[in-house]
Amino acid sequence: MANPAYVAVDWGTSSFRLWLMARDGSVLAERRSGEGMTSAAKTGFSAVLSGHLAAVEAPDTLPVIVCGMAGARQGWVEAGYIDVPTPLASILTAAVRVPGESRDIRILPGLAQRQTATPDVMRGEETQLLGALGGTSAGPQAVCMPGTHSKWVHVGDAEVTGFSTFMTGELFDAISKHTILSHAVAGAEEQPADAAAFEAAVSAAFARPALASNLLFTARSGQLLHGISAAAAQARLSGTLIGLEIAGALQDAATSGITLVASGRLQALYEQAFKTLSLAFTAIDADAAVRRGLSAAADAIWPN
């Protein structure tokens, strides 16, 4: 087996992912847990990391590169933000070292958009972005990174020109659990997914985003008046929110294509939405992207 060169960590709000990496970028060992920032802030970031490092038998001298919420103000050590517009590779030279640790641990910064009318921040997704595009880009393009808070980043000539956050995942969770629509979607998980309902909802929301709240309510009224299933109601809710997100993200945006950085169920949903709207896209696995971004940072900080 190849010798380990560094440890890569993606530390989210509610998730923790660690990879023991070889110099060639291959994964030698992996750890995943629910010990995200919220949990680690209580138990101790150093203790959480040390436990996982011991589990993969990482040598005491092995450096660690971290992205995500460990660098937030409420995290381990604040890593700050780099303002956009900025070159994709700018995060590589701005990592913050964690003080008081025997091993070299660096946390990557996030990105900030400081315009008064459109303030926005990201932390963690910038590393996925770097890994997805490799520090270069040809022509203007949009990068979609779905999640609880989906990020759409506009990139041109290897520079991040701007980005927007859409609370799609969080809204889906809140609406499906804490509004009148919770009755419409009850039991949806026990039924087959309704692809046709999802695609129709994506198209309707993309074409008529101003009717958002009305389109959402049809998940309930359609069930009461036309007997649509819980799965169809859930598909309408999901499709409406994703259609709205895409409409907003592409409004007035000059782009030669979309790069989708996702995995699992979200990747499948967004691919289905893009195909429904006849939007050209390229898909990149989110885990692979963040590892490549962390590897690029490690190579820049510890080149030997």
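A residue is called buried when its relative accessible area is under 20%, exposed when over 50%, and partly exposed in between (1.4 Å probe, protein chains only). The model is predicted, so to speak of local features a pLDDT of at least 70 is needed, side-chain atom pairs count only at pLDDT 80 or more, and totals for chains, interfaces and linings use all residues. Residues are numbered from 1 along each chain as its sequence is written, and side-chain values use heavy atoms, with hydrogens and water left out.

The cysteines come first. Cys144 is buried, at a relative accessible area of 0%, and Cys67 is likewise buried at 0%. With a disulfide taken as two cysteine sulfur atoms within 2.5 Å, the structure holds zero. The sulfur of Cys67 lies 18 Å from its closest cysteine sulfur, that of Cys144, which is too far for a bond.

Now for the pockets. A pocket is an open set of points on a 1 Å grid over the protein atoms alone, where a 1.4 Å probe fits, with protein on both sides within 12 Å along at least five of seven lines; lining residues have an atom within 4 Å of a point. The largest pocket has a volume of about 1,000 Å³, a volume being the space filled by probe spheres set on points joined across faces, edges and corners. Its lining has 33 residues, with Glu125, Pro146, Gly147, Thr148 and His149 closest to the centre.

The second largest pocket, about 260 Å³ in volume, is lined by 16 residues, and Ala193, Asp194, Gln234, Arg265 and Leu269 lie nearest its centre.
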